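Hi,

Here is the structure I promised to pass on. Have a look at it first, and then read my notes on what turned up.

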Amino acid sequence: MRVPTAIAVTSADLVLPAPDRHTPGAALLHPPEQLDLESALAETGALLERHGHLVALVPPWLPRSTVQRLHTVRAILETDRIALLGIDLPPLGTALLARQLRQLSVCDFSPGIIASAARLLSHYIYAGALLGSVAKLDRVRVPVGLGAHARSWSPSAQFAVMAHPKPHLAKLGGGGGSQGGAHGPRGALLPAGPEFATHLTFARGQLASDWVTAELAPAWQVQGVLENPLPAASPGWWGTPKLVEFAAGIPDLSVLYQLVASVRREECRWCGLELIGDRCGFCAAPLTAPPPPASTARSRP
């Protein structure tokens, strides 16, 4: 019997409940403050022994020590069966992507296809949050104007913020600027939602509001809503503990399967694994070799 490729995360609060009894759980790779190097090597080695290949999501908001530990373990084990995937999604969006990969891991896809499918599936995840303040929201993630910064000091301020796939910021109940969307019941310009069937997962921080379930979910016409505990990294990522984070994605395994299966498969020119897209998830080699550098040397007469 085939054992599914292991899908790993670095925190237990990034493991969303399985949507069905066939979806396996996620492997947990403990950070350095929880596990010493010798134990981490044993833990990862056991996963490889059981599953053959390991696909780990490595978002940029992880502590540097955690990222270094992952690369150290892979280097010491001297294995090409560990894929460390850099995925730039907020915490709840990262958890949702991990669940989708867990769903796909039981299908007839090879480990290389599952690893490279992460980049494809991330384009179909809509991740954002309702925030009580945008004063500390990173400008690189979502542009914040001076007016929004000033309004953040109001005790009753609330902002609808979209981080992925397109940045969006609007003040609820006011005339905040936006990059597109539909007007909500209280006059706010809602973030533009997905044009395909999704389920919405949300997690409450220190903000008492039902806006996500009462207004956003109906406006996006989601097929289901699930509440989950807030990931520990979310307040730091969004710059405030006063938030309700949300992420919408494709829930149906058959749709996920068709989406991945419809992409042309290639063979990695470096490690030989199958891949979709333009880069191997395991060795990070590009699909095509880079062009040779132009020679600046002149031939001698």
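The largest nonpolar core has 67 residues, and L97, V161, W238 and V260 touch the most other members. By nonpolar core I mean a set of buried Ala, Val, Leu, Ile, Met, Phe, Trp, Tyr and Cys residues joined through side-chain atoms within 4.5 Å; buried is under 20% relative accessible area, exposed is over 50%, and partly exposed is in between (1.4 Å probe, protein chains only). A second, separate core of 18 residues includes Y126, L207, W211 and L216.

Before going further: this is a predicted model, in which local features need pLDDT of at least 70 and side-chain atom pairs count only at pLDDT 80 or more, while totals for chains, interfaces and linings use all residues. Residues are numbered from 1 along each chain as its sequence is written, and side-chain values use heavy atoms, with hydrogens and water left out.

Back to V260: apart from neighbours within four places in sequence, V260 is in contact (heavy atoms within 4.5 Å) with L104, F109, I113, A117, L120, L121 and I276.

V260 also takes part in a helix pairing: I113, A117, L120 and L121 in α4 meet L256, L259 and V260 in α8. This contact has seven nonpolar, no polar and no charged residues (nonpolar is Ala, Val, Leu, Ile, Met, Phe, Trp, Tyr, Cys and Pro; charged is Asp, Glu, Lys and Arg; the others, Gly among them, are polar). The axes of α4 and α8 (residues 253–261) come within 10 Å and cross at roughly 100°. Axes are lines fitted to C-alpha atoms, for helices over the stretch in contact, with angles from 0 to 180 degrees between N-to-C directions. Helices are DSSP runs (H or I, at least four residues), as are strands (E, at least two), numbered from the N terminus.

On its other partner, α4 (residues 111–122) packs with α3 (residues 91–104) at about 135°, axes 10 Å apart. Here L97, Q100, L101 and L104 in α3 meet I114, A118, L121 and S122 in α4, a contact of six nonpolar, two polar and no charged residues.

Some backbone details may interest you too. The H164 to P165 peptide bond is cis, with omega near 10°, and P165 lies in the loop between β6 (159–164) and β7 (168–171). E78, not a glycine, has a positive phi of about 50°; E78 is exposed, with a relative accessible area of 72%. Q221 also has a positive phi, near 55°, and is exposed at 67% relative accessible area.

Best wishes
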